[in-house]
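Visitor: Could you take me through one part of this model up close? I'd like the salt bridges, with the cut-offs spelled out.

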Amino acid sequence: MKNKLSLKVFLLYVIFYIISTIINILFGSTDLFDKENFEKNFNIFIKIFELRINNFFTVSFIGATLAFCGNILQNILKNPLADPFILGISSGGTCIVAFLMLFPIPSSLLSYTINISFSFQTIAAFVGCMLSFNFILILRRKIKSVNDEYVYPVIGIIINTFLSSIILFIFSILKPEKLSEIHNFLIGSIQPLSFYEILVVIIIAIYPLNKLIQLSKYFNIIQFGDDFSKSMGIKPEKIRKQCIFYVCILISITVSIAGIISFIGLIIPHLVRKIHRFDSKSELFICTFLGAIVLLNADTLSRVLLSPAQLPVGIFTALIGAPFLTMILLKRYKI
C-alpha cells in the first residue's frame, strides 16, 4: 500500500532546498563578497545580489516544472522513459522558437510594458510542443501491438532527429548576432528573468499546475489500465488529453526561458520512486521539490567550476542524465 507524505520527509526536503538556495545565491562566477568591489561601489554588490535572487527563482521554477511534467507524463503514458526531452516535446518548442528568431520583432511593439520577445517565444514554444505531442499520438495510433515502453521513446528519437536537422538548418542561415541566442537554446542556458517576468511566468503557470494537481488523483487508478479505469467511472483518454495540454503549456514556458534542459523530467521521478513509496499526489509534490533542488545545484556547479566563465546548465543535466538512462535500460531489461 502506498503511503502519504509525512511531515518528517517534507521537512527534510525543505532543509535540502534551503541549503541549495543559500549555496546558489552565495557562490557563482563572481565573488558576492569581494571586498574590493564592495568597498569601491556598494551598487555592484546590490546588482549582483539582485541578479542571484532572480536567477534562484528562475532556476527553481524550471527545475520544479520539468520534474513535475516528467512525473505527469510517466504516469499518464504508463511509461518509465517518458520525459519532455526524450519524447521530443521540448525539441518541438525549441524548433518553433528558433524559427521565430529569423524574424525581428518590430520596434513599435517593444514599447509595450510586457516583454514582447518573451511573450512571442512562449506562444511559439507552446505551438511547437503541441504539434510534437500530437504527432506522437498520431504515430502511436498507427502502430499496433507494440509495447508502449518501446514505441514512445522510438517516436521521440524520430522527432528529435528530424527537428534537430531543422534547427541546424536555421542555425546555418541565422544572422551572426543571433547565433549565440539560438546556441543557448540548443544546450540549455538559463538567463535570469527580471522580477516582473518571474511574476508573469508564475501567474501563467498557476492555472495548468492547479489543473494537473487536481487530475493527479486519478493516476493511481489509471496505472491499472484503461479497462479498469472505465469500470471505475473514469475516462482515461480524456484525462490524458487534458494532462498533455497543460503539460505543453508548462514546457513551453520553460523552453521560452532556457531552451532544452534534458533529463530532469526523467531522472527525478525515478529517484523519488526509488527512495519513497508514495501515492500519486505525494510523489508529484516531492518530484517538484527535488527537481528544483537538483537544478539549483547543477546551476551552481555551472557557474563555479570554470569561474569566471559560466557553462550552460544543460551540459550538466545531460552528463548526469545520459548515464542514468543507460542504468535504467540495463536494469530494466537486464542487458
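Guide: Let's start with Glu-283, which is buried at a relative accessible area of 8% (buried means under 20% relative accessible area, exposed over 50%, partly exposed in between, with a 1.4 Å probe and protein chains only). Bear in mind that this is a predicted model, where local features need pLDDT of at least 70, side-chain atom pairs count only at pLDDT 80 or more, and totals for chains, interfaces and linings use all residues. Residues are numbered from 1 along each chain as its sequence is written, and side-chain values use heavy atoms, with hydrogens and water left out.

Glu-283 pairs up with Arg-273 in a salt bridge, their closest N and O atoms being 3.4 Å apart (that takes a side-chain nitrogen of Lys or Arg within 4 Å of a carboxyl oxygen of Asp or Glu). Since Glu-283 sits in helix α13 and Arg-273 in helix α12, the pair ties together parts that are 10 residues apart in sequence (helices are DSSP runs of H or I, at least four residues, numbered from the N terminus). Arg-273 is partly exposed, at 32% relative accessibility.

The whole structure has 3 salt bridges. In another, the side chains of Arg-303 and Asp-299 meet at 3.2 Å, N to O. Both lie in helix α13, 4 residues apart, or about one turn of the helix. Arg-303 is buried at 4%, and Asp-299 is buried at 2%.

Then there's Arg-240 with Glu-237, also bridged at 3.2 Å, N to O. These two are 3 residues apart in helix α11 (residues 236–258), so about one helical turn separates them. Arg-240 counts as buried at 10%, while Glu-237 is partly exposed at 42%.
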